[in-house]
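I opened this notebook to keep track of what I looked up in a structure that was new to me. The entries follow the order in which I went through it.

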Amino acid sequence: MMESFHSKQSSKLMVGAIAVLWITVLYLVLSVTRIDPEQQMAQKIFYYHVPSAWTAGVAYLLVMIAAVLYLMKKDEKFDHLGLAAAELGTLFCALVLITGPIWAKPIWGAPWSWEPRLTTVLIMFLIYIGYFMVRNFGDEGERTRRISSVIGIAAFFNVPIIYVSVKFWAADAQLHPQPAMGQQSPDVFWTFMLSLLVFTLLFVHMLRYRVHILKLRSKVLKMRYDV
């Protein structure tokens, strides 16, 4: 019998650490970090928007690695890992697409602009909508897993394009702020780094849980086939 995920000591410790760190970040964001003179309170969403984008990028990197390993070894555990990472990556990508317009409305005067970084993030999100359509409308077999693995590998090539998009396209096509973390004050810098850590730990915990669920589901399906 598989051990309950939530009964594991490591899971309890992880949940406790994430909760404490999450509350700490919230306190720092609202009470300690300075208010940007130009962006005012809208700048605070930066502590959640950028870590969401970071986490989505890490998740999609993991999808690509798991897809390569699955195509090489045909081991179901890599398919589970890739699917779980794809689901969570798309969840965090959706958070990027939600928090971005919330920030953009008071700063740009409009919630959306077809500028390079926003457009490439939206393309990534739509690619993964296609990925999940393949997973949902295909069968549970090898063919669907191979096709979705290939999509996961191909989709990752958009991640570095997203990253360099603020520098690759001409300046007059850009609205997105340029990376300038090294120029920030210590309160902003360290709160941001702590938020990155919290989002990363949250992703790891959710990934472990989702892989656990997929393993259980696979086990139940095999038992049905054996009956």
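Helices (H or I, at least four residues) and strands (E, at least two) are DSSP runs, numbered from the N terminus. With that in hand I read along the sequence and noted the pattern α-α-α-α-α-α-α for the protein chain, which has 7 helices and 0 strands.

Before going further I wrote down that this is a predicted model, in which local features need pLDDT of at least 70 and side-chain atom pairs count only at pLDDT 80 or more, while totals for chains, interfaces and linings use all residues. Residues are numbered from 1 along each chain as its sequence is written, and side-chain values use heavy atoms, with hydrogens and water left out.

Overall form. I looked up the span of the C-alpha trace along its principal axes and found about 65 × 40 × 25 Å. Of the 227 residues, 40% count as buried (under 20% relative accessible area, with exposed over 50% and partly exposed in between, for a 1.4 Å probe and protein chains only). I also noted that, among contacts (heavy atoms within 4.5 Å) with a separation of 6 or more, 77% join residues 24 or more positions apart.

Helices α4 and α5. I asked at what angle the axes of α4 and α5 cross. The axes of α4 (residues 116-137) and α5 (residues 142-156) cross at roughly 175° and come within 9 Å, where axes are lines fitted to C-alpha atoms, for helices over the stretch in contact, and angles run from 0 to 180 degrees between N-to-C directions. The two helices are therefore roughly antiparallel to each other (over 145 degrees; under 35 is roughly parallel, 65 to 115 roughly perpendicular and the rest oblique). On the α4 side the contact includes M124, I127 and Y131, and on the α5 side it includes I147, S148 and I151. I counted its residues by class as 8 nonpolar, 3 polar and 2 charged, with Ala, Val, Leu, Ile, Met, Phe, Trp, Tyr, Cys and Pro taken as nonpolar, Asp, Glu, Lys and Arg as charged, and the others, Gly among them, as polar.

Cavity. On a 1 Å grid over the protein atoms alone, a cavity is a set of points where a 1.4 Å probe fits but cannot get out, a pocket is an open set with protein on both sides within 12 Å along at least five of seven lines, and lining residues have an atom within 4 Å of a point. I found 1 cavity of 30 Å³ or more, and the largest cavity has a volume of about 60 Å³. Of the 13 residues that line the largest cavity, A67, D79, G82, Y131 and S149 are the closest to its centre.

Pocket. The second largest pocket holds about 390 Å³ of space and is lined by 20 residues, with R135, E140, R145, R217 and L221 nearest its centre. I noted that α7 gives the largest share of this lining, 7 residues, and that the lining divides into 5 nonpolar, 5 polar and 10 charged residues.

Two single residues. V32 lies in helix α1 (residues 9-32) and is partly exposed, with a relative accessible area of 40%; leaving aside its neighbours within four places in sequence, V32 is in contact with Y27 and D187. Y209, found in helix α7, is partly exposed at 34%, and with the neighbours within four places again left aside, Y209 is in contact with F5 and H6.

Definitions and conventions
Points joined across faces, edges and corners; volume = space filled by probe spheres on them.
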